[in-house]
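This report describes one structure, shown below.

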Amino acid sequence: MAKSETDVDTARPWQSYHTVYTNAKAGMDGVDKEKVQRIVYQMSKGSSYFKNEERKEADIREKIDNMRARLAKLTAADLSHYQMVADKRISELEATRDLSRIWLHVDMDAFYAAVETLSNPSLKGKPMAVGSLSMLSTANYEARKFGVRAAMPGFIARKLCPKLIIVPTDFKKYNHYGDLTRKVFQKYDPNFLAASLDEAYLDTTEVCKERSITGEEIAEEIRACVYEETSLTCSAGVAPNRLLAKVCSDINKPNGQFVLPNNLLAVMTFISSLPVRKIGGIGKVTEHVLRDAFGINTCEEMLQKASYICALFSHSTADFFLSVGLGLGRTDTPEVRLRKSISNERTFSATSDEMFLYHKLEDLAEMLSTDMQKEGLCGRTLTLKLKTASFEVRNRAVTLPKYICSTEDILKHASKLLKAELPVSLRLIGLRVSHFNEDRKGAPLDSTQKTLINFIVSGDASRKVMDNHSDPCVKNDDETSLSIGTHETCSFNDRDTLNCSLSLKLDDSNFTFSNDAGQMEKFQKTVNENVDETKSEVTQLLGADFSPPVEGNCLERMKSEIKLLEGEAASSNQREPFLWVNDYKCSICGIELPPNFVDERQEHSDFHLAQKLQEEESGTELRTSTPRPRVVQKDPIASQGKRKKQKLSPKEGKHIPIDQFFTRSNQNF
Ligand code: DCP
Ligand code: MG
């Protein structure tokens, strides 16, 4: 197994300071990584961000050490068993391989920056970024050469690139151009999946078949069409599944495309030396854990180390890793999902003025009722969410004997829940209704009516809502449940009973965690330290989730697992409870991330939330993420026959062969 990163060069402390800013984005291959790390380190040292990064780094190290300790305990017999388990699972996964689809992932190049340059051509060729001194949304490719990138504070970016021009965001414009691109996508796949304003997945299998054209040709045509409609360039990836198509679209950015042929040899060759970090959803934490605990750097190594993966991770996580090693990804079109809950909330300056608090509650109840009635929803569980002046998040829920949706009913029960908390100084109140009327199950949502907020709180109603309390009133501090994917390393005959993905209620009397003052305090501290103002806004919006009760035979082992994963659980719980359909799939864009990918999930939900907040700020509504019902186009592109090839944008699309890609992708900035 690989060594953990413990030897830090004290003269160059920034070398071990890995932030999101030091991750590679397209166009950053030649950047002096150490220089960027040093500047980011020097500029942020001592800040709360810096402290939080240090704490997260320490968490990762601890996680890696735990993993290594568990690996060291595996006996030869355990390992040979897990090798058998892995081999079986690999052949089962292999049997699901579908090489018949032609998936295309399109992603606009430096989207916001390109839109701004379109409206102000004097920016062309100059290093520029969109955002503010506190945060950048993106940077153009000229600026990326200096190490400037999205999510970096503008003041750090200016240090890296003193001539950097920073343009404020203008979401109306981005929405406008996003709409134009979607009109193009719609023609090629009416059921395309928009993952964000600037990217989409298209299943082009049918259109390619109907017109007898290749994936490469369709990608060129779509990119040309997008350019014609918008005067903006985009890049595309074509592959047999969505996971690979996304990796491919980044290879020849900007204004390029990469086609991975639909055959097994090509896929396996492609994946063989692909760094794991290139896979959507594998972020900094997973990358470090895989590298430092397992010695895994490339996707292929997932298969070589499959026995270790199966020994240490839950089924869902192991499946994810093994699928990555096999280059498997989703090839189906996700179904329209059903809403699981509906919520709203308001932040205000901290106050203990009870009149004010009740007044806010009244407003929220009224708004929630209106929203529910618009969508014909009635729910049985009402959750009151509070954030105290000291940023402590509390959830108080009641499950009622009847379904409610009127302002009066919501307010009546919400007031009771609030009353029990008084006196208290609050800075946020939120309301959520879940546990919807059974009649609605199976009825698809009218996706056209959804706002992004709706989307963020929506989930899959077909997922069981397991809220089986004998006492209908649930009291939880700092969220209601913990979702913990666990897998204990143990002798193999025990494995199946141990392999639990469980959720524990903090205040569940079955479980000692919530009653242990020390643990609780630590949990609270983790949460408080963990979440800065912005991030706690994220979680406030996302709310909490209910999950299955703990099975008796797993409980004891879960207790010891909890100690191991406590930090992770706390952050998981605090940060992204509502976004994951079946605890696996992002309800907004469909990306799949197993429950243990706490930080990656957080990063992902932050991204969607940032979009949502930005939308709210600009007073527009984001419709990109709504899965569309499959509709038959009156005028499908097929009827256009062999469309005249359009001239590409000024810079011709590039294509690089797979082997060159390997060299490129290994230069992991
Ligand atoms: N965005 C954001 N905050 C982030 C990342 C992105 O606001 N942390 C916004 C700005 C981007 C847009 O989303 O322009 C699309 O994100 P991409 O990751 O696709 O980045 P770009 O399109 O800017 O560049 P690329 O050419 O790498 O796709
Ligand atoms: Mg983009």
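## Overview

The secondary structure of the protein comprises 24 helices and 17 strands, where helices (H or I, at least four residues) and strands (E, at least two) are DSSP runs numbered from the N terminus. This is a predicted model, in which local features need pLDDT of at least 70 and side-chain atom pairs count only at pLDDT 80 or more, while totals for chains, interfaces and linings use all residues. Residues are numbered from 1 along each chain as its sequence is written, chains are lettered from A and ligands numbered from 1 in the order in which they are written, and side-chain values use heavy atoms, with hydrogens and water left out.

Of the 669 residues in the protein, 59% are buried (under 20% relative accessible area; exposed is over 50%, partly exposed in between; 1.4 Å probe, protein chains only). Among contacts (heavy atoms within 4.5 Å) with a separation of 6 or more, 75% are between residues 24 or more positions apart.

Asp-107 lies in strand β1 (residues 103-108) and Asp-198 in the loop between β5 (193-196) and β6 (199-203), so the pair ties together parts 91 residues apart in sequence.

Asp-107 counts as buried at 13% relative accessibility, and Asp-198 is buried at 15%.

## Sheet and crossing helix

An open sheet of 3 strands has the order β3-β2-β4, with mixed pairing (two strands pair if DSSP finds at least two bridges between them). Its edge strands, β3 (136-139) and β4 (165-167), each pair on one side only. From one strand to the next the twist averages 30 degrees. Strand β2 (residues 128-131) runs parallel to β4 and is joined to β4 by 3 bridges; Ala-129 stands opposite Ile-166 in β4.

Helix α4 (residues 111-119) lies across β2, β3 and β4, at about 105 degrees to β2. Axes are lines fitted to C-alpha atoms, for helices over the stretch in contact, and angles run from 0 to 180 degrees between N-to-C directions.

## Annotated region

An unreviewed UniProt entry annotates residues 50-77 as "coiled-coil region"; UniProt positions are given in the numbering used here, feature names are shortened, and annotations may be inferred rather than shown by experiment. Over residues 50-77 the model is 89% helix and 0% strand, with the end C-alpha atoms 44 Å apart.
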